Amino acid sequence: MSVALFTVGGTISMAGDRRLTGADLTVAVPGLAELAQPVEIQDVEKIPSADLTAAKLLEIVDAASKAVTAGAVGAVVTQGTDTLEESAFLADLVWPHPQPLVFTGAMRNPTLAGPDGPANLLAAVRVASSPAARDLGALVVFKEEIHAARWVRKTHSTSTATFASPNTGPIGQVVEDRVRILTRPLRLDGVHGNAEPARLAETRVALHTVTMDDDGLLLPGLADTHQGLVVGGFGVGHVPARLAPVLGDLATRMPVVLTSRTGAGSIVRNTYHSPGSETDLLGRGLIDGGFLDPYKARILLRLLLATNEEIVPAFQQYV
């Protein structure tokens, strides 16, 4: 029985011009060798998280799935933090196992004073090997906090406490050598179809974050180049009135999901009624993105389109 570790690069493995291997990472973690389950390392191609693709991430998840099927008690993925929240959510949508799939990384590289990578990796391995963390899907572990993939966000550009779950808070903590799950969110129905790499590559979903005095000139031609759109609206789901008919027209040609750009909270359904309000937009055929932030809504919509699964029921789980 072991924990499968997949290293994908990122700040946690940056030591000047040198990129650390999984063996380098693990040997630098005090106490890791004394854990009950050994760590089996698989070094993946070192990829800056800004260059990590959905197809590559799904390959890693598939490898982790095979490791668990072969007997691993759980899996850990180390990667860069820039897209970690999106990677974890994508993995959560397709992870079929009760065993934990844990994502972690670092904000301070090993050449700096007080690097956080070793502590994060130790905590992540502890969570991945803990029976208490089963049936929770994909998780993010940072600073001894355990976050559900569907809620976690990177909230600060440099702080080691960057990962937070604004809607719920962490679902657990690692205290000394104990994994303590404080609340167990209901595991939602994921995406069951197999996203073939070629189909995923040709499935394009745009994200338009609405801004003050937004002219909307980027919107009308999207249906010619993309298969879906996520709108990050103001507050509870509002856009300038002049954008409402444009978005309504797009919603007749492709799925358009309405979310809030704020980073926490849900859009509403029936509080405001003016042109460009949430009531107006939903009435024009936009899909309610509920509590999903725009980035996670885009991940979900793209995967649903690539696998030909029903879109509205999938999003209704987050309303």
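Is aspartate 135 buried, partly exposed or exposed? Aspartate 135 is partly exposed, with a relative accessible area of 46%. Welcome to this structure, which is a predicted model. The protein has ten helices and 16 strands, and its radius of gyration of 20 Å is close to the 20 Å that the globule rule gives for 319 residues, so the protein is as compact as a globular protein of that length.

**The whole protein**

- The C-alpha trace spans about 60 × 40 × 35 Å along its principal axes.
- Of the 319 residues, 53% count as buried.
- The accessible surface comes to about 13800 Å², and carbon and sulfur atoms account for 52% of that area.
- If you take the contacts between residues at least 6 apart in sequence, 73% of them join residues at least 24 apart.

**Helix H2 and its surroundings**

- Helix H2 covers residues 54-69, which makes 16 residues.
- From its first C-alpha to its last, H2 reaches 22 Å, close to the 22 Å expected at 1.5 Å a residue.
- Ten names make up the buried list for this helix: Ala54, Lys56, Leu57, Leu58, Ile60, Val61, Ala64, Ser65, Ala67 and Val68.
- An α-helix has 3.6 residues a turn, so residues three or four places apart point the same way.
- The buried residues of H2 pack against strand S1 (3-7), strand S5 (74-78), H3, S6, H5 and H9.
- Just after H2 you will find glycine 71, which takes a positive phi of about 125°.

**Aromatic pairs**

- The protein holds three aromatic pairs by the ring-centre rule, in which centres lie within 6.5 Å.
- One of them joins phenylalanine 89 and tyrosine 318: the ring centres are 6.2 Å apart and the planes stand at 70°, so this pair is edge-to-face.
- Phenylalanine 89 sits in helix H3 (residues 84-94) and tyrosine 318 in the segment after helix H10 (311-316), so the pair links distant parts of the chain, 229 residues apart.
- Both partners are buried: phenylalanine 89 has a relative accessible area of 0%, and tyrosine 318 has one of 5%.
- Another pair is made by tryptophan 151 and phenylalanine 291, with ring centres 6.4 Å apart and planes at 85°, so this pair is edge-to-face.
- Tryptophan 151 belongs to the loop between strand S8 (145-148) and strand S9 (153-154), while phenylalanine 291 belongs to the loop between strand S16 (287-288) and helix H9 (294-307), so the pair ties together parts that are 140 residues apart in sequence.
- Tryptophan 151 counts as buried at 15% relative accessibility, whereas phenylalanine 291 is partly exposed at 35%.

**Arginine 184**

- Look for arginine 184 in the loop between strand S12 (178-181) and helix H5 (197-202).
- At 46% relative accessibility, arginine 184 counts as partly exposed.
- Leaving out residues up to four places away in sequence, arginine 184 touches Ala132, Arg134, Asp135 and Leu136.
- The side chain of arginine 184 reaches the backbone oxygen of alanine 132 at 2.8 Å and the backbone oxygen of arginine 134 at 2.5 Å.
- Arginine 184 and glycine 263 are 79 residues apart in sequence, and their C-alpha atoms are 22 Å apart in space.

**Asparagine 109**

- Asparagine 109 is found in the loop between strand S6 (101-104) and helix H4 (117-128).
- With a relative accessible area of 15%, asparagine 109 is buried, because the limit for that label is under 20%.
- The side chains of asparagine 109 and threonine 111 are joined by a polar contact of 2.4 Å.
- Not counting residues up to four places away in sequence, asparagine 109 touches Thr11, Met14 and Pro115.

- Most residues other than glycine have a negative phi.
- Aspartate 135 has a positive phi of about 65° although it is not a glycine, and its place is the loop between H4 and strand S7 (138-142).
- Glutamate 144 also has a positive phi, near 65°, and is a residue other than glycine.
- Glutamate 144 lies in the loop between S7 and S8 and counts as partly exposed at 34% relative accessibility.

Definitions and conventions. Residues numbered from 1 in each chain as written. Predicted model: local features only at pLDDT ≥ 70, side-chain atom pairs only at ≥ 80, totals over all residues. Heavy atoms only, no water. Phe/Tyr/Trp six-rings, centres within 6.5 Å; stacked < 30°, edge-to-face > 60°. Helix = DSSP H or I, 4+ residues; strand = E, 2+ residues; numbered from the N terminus. Buried < 20%, exposed > 50% of the residue type's maximum accessible area, 1.4 Å probe, protein only. Polar contact = N/O pair within 3.5 Å; in protein donor to acceptor, adjacent residues only side chain to side chain. Contact = heavy atoms within 4.5 Å. Rg over C-alpha atoms; globule rule 2.2 N^0.38 Å. Areas by Shrake-Rupley, 256 points an atom, 1.4 Å probe, with all protein chains shown as cover. Expected span 1.5 Å × (residues − 1).
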